[in-house]
Amino acid sequence: MTPPVLHSQRLTLGPASSAHAEAFIAFCATEDSRFIGGPADRRDAWEGVAISAGLWALRGFGPFWLSAGGVPVGRAGVYYPDWRAEPELAWTIYPAYQGRGYATEAALVARDWAYATLGLGPLVSLIDTGNAPSIRVAQKLGAVLEGPHEPNGGHPVMRWRHPAGVAA
Amino acid sequence: MMLETPRLRLVPLDARHIPAYQAFLASPRAAALGWAAMPHEAWRNFAAMMGHGLLRGFAPFALEAREDGRALGLCGPFWPEGQAEREVKWHIWPDADEGKGFAFEAARAVLGHVFGVMGWETAVSYIAHGNERSAALARRLGAVQDGTWVTPRGTEVRVFRHGRGVVA
């Protein structure tokens, strides 16, 4: 399946497009992508977009691509490839659009959709200890620190657990 | 979208084909071609190929035997970002199904499809040095070697160019 199109107050959550792919490729070329395994070259970044689309086909859910006023700003959704022990609620906002609450807004919609539509949850988020903006998002979403996870390329990573129910 | 040949059905890639693909990439035959991959890497490649279909509008087909439905391999149009040209690729997965002409049968149908239906002007197959079985198949399909291409990973492969008129 392909993703449904969801809306939050300011964002559209939907399927990948060539505009989203180009924005993600540009992001992956920079050091800012280190928390998702970057930097990565054009080929690998595009493959990342393809995998995100393939996850929807294989799992019936996956990352949504985020737009604000038609402009790609990042992605958020449930990431659950074959090699993961459990599905993860994950989010990435490109640096030019950070600090506006987009990650929290999108992750909340994606999380509630995953709980209500897929029956998933409580979901986990795996966050690099050096990724302060993402840790703040997890806290705003009501997630609690559960413990250490496997390191990501030498960076320590923590497991955050989201609340079970839909937040009021 | 589905193609049929006397012995094969060419169908969209699906989760049911993954175990045979994983077994192929774990086989000595794949190792000899430099393609050996762990099951989770194979799953990731497979997700990327499915996502390729959603992003590009086309993807390799899975080959199923008409007699019993078993997954025989893949064959079809492939053009990921970072690859110079549109390609027709093929793999036969189970050792026992090599040498039966399945790849030839599938590739003829696919070449007819990419030229006759998709409107491609040209198509190549990238074939590793040393993969003489695939090179022989390309020649049997009427392709001629047209130089080499160095992949973004720095591997030189042979370019076999298919002729429009040969199989249409």
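Hi everyone, let me open with a question: is the crossing of α1(B) and α3(B) left-handed or right-handed?

Some background before that. This is a predicted model, where local features need pLDDT of at least 70, side-chain atom pairs count only at pLDDT 80 or more, and totals for chains, interfaces and linings use all residues. Residues are numbered from 1 along each chain as its sequence is written, with chains lettered from A and ligands numbered from 1 in the order in which they are written.

Back to the helices, which are DSSP runs of H or I with at least four residues, while strands are E runs of at least two, numbered from the N terminus. In chain B, the axes of α1 (residues 18-25) and α3 (residues 39-56) come within 9 Å and cross at roughly 125°. Axes here are lines fitted to C-alpha atoms, for helices over the stretch in contact, with angles from 0 to 180 degrees between N-to-C directions. So α1(B) and α3(B) are oblique to each other; under 35 degrees would be roughly parallel, over 145 roughly antiparallel, 65 to 115 roughly perpendicular, and the rest is oblique. And the answer: the crossing of α1(B) and α3(B) is right-handed, meaning the near helix is turned clockwise from the far one by less than a right angle. On the α1(B) side the contact uses I18(B), Y21(B), Q22(B) and L25(B), and α3(B) brings P39(B), A42(B), W43(B) and F46(B). Contact means C-beta atoms, placed from the backbone, within 7 Å.

Now the chain pair: 20 residues of chain A contact 15 residues of chain B. Helix α2 of chain A (residues 42-59) gives the largest share of chain A's side, 13 residues.

Methods
Contact = placed C-beta atoms within 7 Å.
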